[in-house]
Amino acid sequence: MRSRAWQALGQHAASPPRLREVFAQEPGRGARLAAEAAGLYLDFSKQRVSDETLSLLFDLAEEAELADQIRAMFAGEKVNRSEDRAALHVALRAPEEASLIVEGEDVVPAVHEVRRSMAAFCEAVRGGEWRGHGGERIRHVVNLGIGGSDLGPRMAVRALQPYTSDAPALHFVSNIDGADLAGTLRGLRPGETLFVVCSKSFTTLETLTNARSARAWLLEALGDEAAVARHFVAVSSNRAAVRAFGIDDANVFGFWDWVGGRYSLASAVGLSLMLAIGPERFGELLSGLHAMDEHFREAPFSHNLPVLMALLGVWNRNFLGAEALAVLPYDQSLELFPSYLQQLDMESSGKSVSREGEALPHATGPIVFGRAGTDGQHAFYQLLHQGTGLVACDFLGFAHSHHELGRHHELLMANCFAQSEALAFGKRPEEVAAESGEARLVAHRSFAGDRPSNTLLAKQLTPYSLGALVALYEHKVFAQGVLWGLNPFDQWGVELGKELAASLASELAGGVGAEPFHDSSTRTLVARYQALRASDPSPR
């Protein structure tokens, strides 16, 4: 049964506002439909919403008890029901004087204890006090992880490159494909290389496979098992497995069950990021995260950035039919941000059952994709403007660049603002005809418009603004999960493939898998692979 608010929105969506019309009727719309927090300015005036639309969306939030769910998450209640645990990534950026009780224990002191250990280690590496087994200074750090243990720190290190001048060179390896690790290690000197193995369980197949190969590479060059303790550290909760690998207990940085992988950037998973930008700048990132946390917890929904973006996302997905969200950062340093958000959003919202395990009667998470700057304009914007499907867009821009070269930045931002304007208002056939006079091209050069978008604007991409941006999307995804009635903190959908892969790995090596009754396609592919594997590799 659809809720009352959901039904009202469905009726209202039969004739959504036309953007040309509402902007003509409301001269101040661009300034009025905006909100600001933690240094981020959100313009949502180019969404196909009216005041009535927003009122109905706020009714939906009330019916979904969103305010209560926000309070429950910040209070450490078990909002991750299927795994029976809290989701307290907000505790990772809470100030030292704060208190957050989880099952009778204040978790904040433990968070800051780990952070102090991280800071001391990072200062030692960055300052040259931590040396390799042969006494050489560490000049390269390789992060071995996957998913949340890779995408978050990888994205942030790239985004904050202007703040890494005093750091070792950072590298990231996630793919189990040997080409990833081999390509990264090519040219590195073992005596100058430190590996950070990120795996909470220290059993993740991809990460541990890469870690063992990296260990073999190191020992082949240095020839002493004792070298492992000087060239490997771990971010993990499985100290026994880490110890067996050869990593010293003093160099294990732990985190907790209430930290989900894709929400873990502010935890010890951020060790590589702290090595890159230093503890002080890492603290600025945490301040930005915390500022948006407090805004999300306290601001009224009418001015609450994560809530507004969540409600608009539901409006676009469920009532206007947008199946995808394009995240379009107009800053090359954020080139990995769309990939980071793919995991955050699609792993959180890609669910078809409710928190209670019942089939959901409506669509949930959108397909998330994107590309930085003007490159995307020459790749997929054609579909955004004139394709048959509807794609909602988030534009991200900054007033200042770290690289002020001539007119580069103003031209970049001119493109950012122009694209959102073109998507919103399009170009009518009569306007095209008046300009060109060629009737045969009118249809080709007309743009329907009414393509919804948000624009997020900040002063500059800094550790603080990046933290605020990450928390904004984290909380938007959580709020959308509440509105859709799903659990955004589990990811059971990735498990089946892992189980089958474990069985097939044995079969591909010539052994017997745990699941011998594969379908005919899989059996045929295994047989063909084994035959090709047995033959000599050649260009043909």
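A salt bridge, as I use the term today, is a side-chain nitrogen of Lys or Arg within 4 Å of a carboxyl oxygen of Asp or Glu. With that in mind, please look at Arg139 in this model, which is a predicted one, and you will find that Arg139 makes such a bridge with Glu192, where the closest N and O atoms are 3.8 Å apart. The two residues belong to distant parts of the chain, 53 residues apart, with Arg139 in the loop between α6 and β5 and Glu192 in the loop between α8 and β7.

How many salt bridges does the rule give in total? The count comes to 28 salt bridges, and I will take you through a few of them.

Let us go next to Arg48, which forms a salt bridge with Asp450, and here the closest N and O atoms are 3.8 Å apart. Arg48 sits in the loop between β2 and α4, while Asp450 sits in the loop between α18 and β13, so this pair ties together parts that are 402 residues apart in sequence. If you ask whether these two are buried or exposed, the answer is that Arg48 is buried and Asp450 is buried too.

A further pair is Glu103 with Lys78, whose closest N and O atoms lie 3.2 Å apart.

Searching the whole structure gives 19 aromatic pairs. Take Phe121 and Trp130, whose ring centres are 5.1 Å apart and whose planes stand at 75°, so the pair is edge-to-face, given that planes over 60 degrees apart are classed that way. Phe121 counts as buried at 6% relative accessibility, and Trp130 counts as buried at 9%.

In another pair, the rings of Tyr330 and Phe395 have centres 6.2 Å apart and planes at 35°, so this one is tilted. Tyr330 is in the loop between β10 and α14 and Phe395 is in strand β12, so the pair ties together parts that are 65 residues apart in sequence. For Tyr330 the relative accessible area is 0%, and the residue is buried, while Phe395, at 0% relative accessibility, counts as buried as well. Ring pairs also build a cluster, which is made of Phe74, Tyr263, Phe296, Phe478 and Phe489.

To finish, let us bring charges and rings together. Which residue has its charged end over the ring of Trp130? That residue is Arg230, with its charged end 4.0 Å from the ring centre, and you will remember Trp130 from the edge-to-face pair with Phe121. In a second case, Arg215 lies over the face of Phe245, at 5.5 Å from the centre of the ring.

Notes
Residues are numbered from 1 along each chain as its sequence is written. This is a predicted model: local features need pLDDT of at least 70, side-chain atom pairs count only at pLDDT 80 or more; totals for chains, interfaces and linings use all residues. Side-chain values use heavy atoms; hydrogens and water are left out. Helices (H or I, at least four residues) and strands (E, at least two) are DSSP runs, numbered from the N terminus. Buried means under 20% relative accessible area, exposed over 50%, partly exposed in between (1.4 Å probe, protein chains only). Rings of Phe, Tyr and Trp (its six-membered ring) pair if their centres lie within 6.5 Å; planes under 30 degrees apart count as stacked, over 60 as edge-to-face and the rest as tilted. A charge sits over a ring if NZ of Lys or CZ of Arg is within 6 Å of the ring centre and within 35 degrees of the ring normal.
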